[in-house]
Structures are given as C-alpha cells and as structure tokens.
Amino acid sequence: MSGAAGLRSWVPLAVAAAVPVLVLVLDAARGRGLFDEGAPVLDGLSVVRSLALIVAVVALLAAVQRAAEGHVPTPWPPWARPAIVVTLVLTLAATALTLLDPVTYSRLAQEDGTVENLTALLFGVGGVALLMVAMSRSRGEHGLLRWAAGIMGVAFIFSAGEEISWGQRILGFGTPELLSENLQHEANLHNLATDPLEAAFYSGCAMLFILLPFVLPRTGVSPRLGRLARLAPLVPAPWIVVAAAPSAAMNLDMWDVVPVQLTVWATLGILAVVAVERRRAGDPGWRLVALTLGLTAAVQVVAFTASGSLDELYDVTEYKEFALGLVAAMYGLDLLVRRRSLAVSRSDSPTRRSPRG
C-alpha cells in the first residue's frame, strides 16, 4: 500500500475517533459530565452536537466499507427472519402502547413488573445457552473459546439477577449493609453507580450485538490479535445486528450521553449499509432490514414525543433492557444451535486414516 493510500485509509478512522472526543471536551467545558442523565436537550447546540456524532459514524462506516470491498452478505439461517419479525412486532407493540396508553406503558415498566421479570428470564435463557456452549467439546477446538463462552454465560445470568435485585422482593430479604449506599436501596450492584454502569452496559451490548457482527465479517480477524482470534466463533451471526437494532433507539433520559447517542446513529447507518448490500445481492431480506431501519428511527422519535406523559423518564430504558434480554436469548440459542450443527457435521464426515506403510 502506498503512503498516500495508507493515509487515506487512516483518515476516516482518525475522524471517527477524534469527533466524539471533541464532543466530550466541549461537554466538559459546558459543565456537563460524561454520564449525566436527564431530560433530553433539543436546542441548536444539541443539534450541532448530534451532527458531529453523525460525521463520526459516517467516517467509521467509510473506513469499514473501504476494507470490505468485495464483501458478500452471509445467508441467514431459517430461524433468523422469524426471530427478527418477533423483535419488530414486540417493538411496534411497545411503541404503540407509548402513544395510546402511556399509563399502562409505565405500569408494566415498574419494579417487579412484567417487563422487568421477562427481561431477567430472557437474560437467564441466554446465559444458560452460553454455559451449554461452554460445557460442550469439539475436535481441535481451543479451551479459550469455552472459557470465554462460560464467562459470557455467567455475565448474562448476573445481568438477570441484577435486573430483579436477586429476587429481593420475591424472597422478602432486606438490603445487605454492604449495599446500603445503593441509589434505590436494593440488593444489586448496578445502582451503586447507576449512570456510568448503565452507559457501560448499553454500550457493551451494542458492541457485542451490533458493531462486532457488522465489522468483523467485512474486515476479517487480524492475526495481530494472537490467541484472541480463536474467539471469532463467539461473534454473533450477522442477522443478530438486525434483531438488536431497535434496542439501540430506546433512549430518553440517556439520549445526551455520548456513547449512547453514538450507538443510535451508528445503528441507523449500519442498517442502511446492510439493506443496500442485501438488495444488491438479490436477497429479499433487505426489505426486512429497511423496515427495521424505519422502525428503529421511529422508536427514538416516539420516545421524545412521549416524555411528558410517562411516570418516569427511565421507563423507556426498562423496555430497552427487555429488548437486550431478547437479543441475548436469541444470540445464546443461535450460537448453541450452530455449534451443535457443526458437531453433527463433523461426526458425519468420514475419519481420515493415514495410509499404512
């Protein structure tokens, strides 16, 4: 690669990295903290701020697409479309409820309510599926992959426990002294530092479910990663990007948190790229991707318009966590099915024997 070509390839990445940092510096100059939550500010300066983040996303997508020349979309498995449709139907139902009956919308999002309990159940399903992946064995597979799957499974189950405060109100036990500084006086860890931990959790989920399965199939796994390259089979399948997309847009009190808003713009841009790629490849699934793009944008707009009718601004994030739990379950089950299918195909293949001398 010539010096000029190398420079051109690095410029988009430099812009993508520099712009969010600049936005954070300007926020600090205005006295705004990195993880400050609250009602979204929709003034002129905020529009400029959002435009800057969009520029960062466009630069990132340009860098990825430059590396993805010749990329052919991966066919979806038979269960991908029904799973995505389920996600869209539930998202549409929640969005309609926001507009038509905000009282019920908020009631369902209360502590120990339907949404919270289902969220815990779904994260638990995803965690158990990943633990089953971790306990299975495959010929020629490195143990690092199983350890990583096990750690992720434990993390999902931990998220399920945190969501319902480890059954505190169900079992009727008090908040331990160690957690007495908890914001909501509950038996969980995440409310000891709610704002930064929520931002980290949502951003981490976006990295796992949206960014990684979009970027890695286009750029490949770098040999520089060394042993970490062996974890590539744990990267979610490309269809998970579409199923996870609506979760990125369910923001209200966290809209002005830079990593969270950046995730929204990145998700919309990624969906646009995926829809165009699949249409060019003659895949009818592009219509489902385009529909997801429109619904994801609509969900965020509705969240803004409904802010005055909700009991709490964070009611929206309860539905966001439900959507993430749903995707976590889909990811774990998809990985388990793919792994078992691979094991069956290997067992059915003839065993090669070395010739006798």
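Buried means under 20% relative accessible area. Phe156 has 9% relative accessibility, so Phe156 counts as buried. The model is a predicted one.

**Aromatic pairs**

Across the whole structure, a search finds nine aromatic pairs. Tyr105 and Tyr319 form a stacked pair. Tyr105 belongs to helix H4 (residues 102–108) and Tyr319 to helix H12 (residues 315–348), so this pair ties together parts that lie 214 residues apart in sequence. Tyr105 is buried, at 4% relative accessible area. Tyr319 is buried too, with 7% relative accessibility.

Phe156 and Phe209 form a tilted pair. Phe156 sits in helix H6 and Phe209 in helix H8 (residues 194–219), so the pair ties together parts 53 residues apart in sequence. Phe209 is buried, with a relative accessible area of 1%.

| Pair | Centre to centre | Angle between planes |
|---|---|---|
| Tyr105 and Tyr319 | 4.1 Å | 10 degrees |
| Phe156 and Phe209 | 6.4 Å | 55 degrees |

Phe156 and Phe209 also belong to a cluster linked by ring pairs.

**Charges over rings**

Lys320 lies over the face of Tyr202, 5.2 Å from the ring centre. Arg279 lies over the face of Trp286, at 4.7 Å from the ring centre.

**A nonpolar surface patch**

Phe158, Trp166, Ile170, Leu171, Phe173 and Leu189 form a nonpolar patch on the surface. Together they have about 610 Å² of accessible area. Trp166 is in the loop between helix H6 (143–163) and helix H7 (168–171). With 38% relative accessibility, Trp166 counts as partly exposed.

Terms used: Residues are numbered from 1 along each chain as its sequence is written. This is a predicted model: local features need pLDDT of at least 70, side-chain atom pairs count only at pLDDT 80 or more; totals for chains, interfaces and linings use all residues. Side-chain values use heavy atoms; hydrogens and water are left out. Patches are made of residues with over 30% relative accessible area and no salt bridge: like charges are joined within 9 Å, nonpolar side chains (Val, Leu, Ile, Met, Phe, Trp, Tyr) within 5 Å. Accessible areas come from the Shrake-Rupley method with a 1.4 Å probe; for residues, only the protein chains shown count as cover. A salt bridge is a side-chain nitrogen of Lys or Arg within 4 Å of a carboxyl oxygen of Asp or Glu. Helices (H or I, at least four residues) and strands (E, at least two) are DSSP runs, numbered from the N terminus. Buried means under 20% relative accessible area, exposed over 50%, partly exposed in between (1.4 Å probe, protein chains only). Rings of Phe, Tyr and Trp (its six-membered ring) pair if their centres lie within 6.5 Å; planes under 30 degrees apart count as stacked, over 60 as edge-to-face and the rest as tilted. A charge sits over a ring if NZ of Lys or CZ of Arg is within 6 Å of the ring centre and within 35 degrees of the ring normal.
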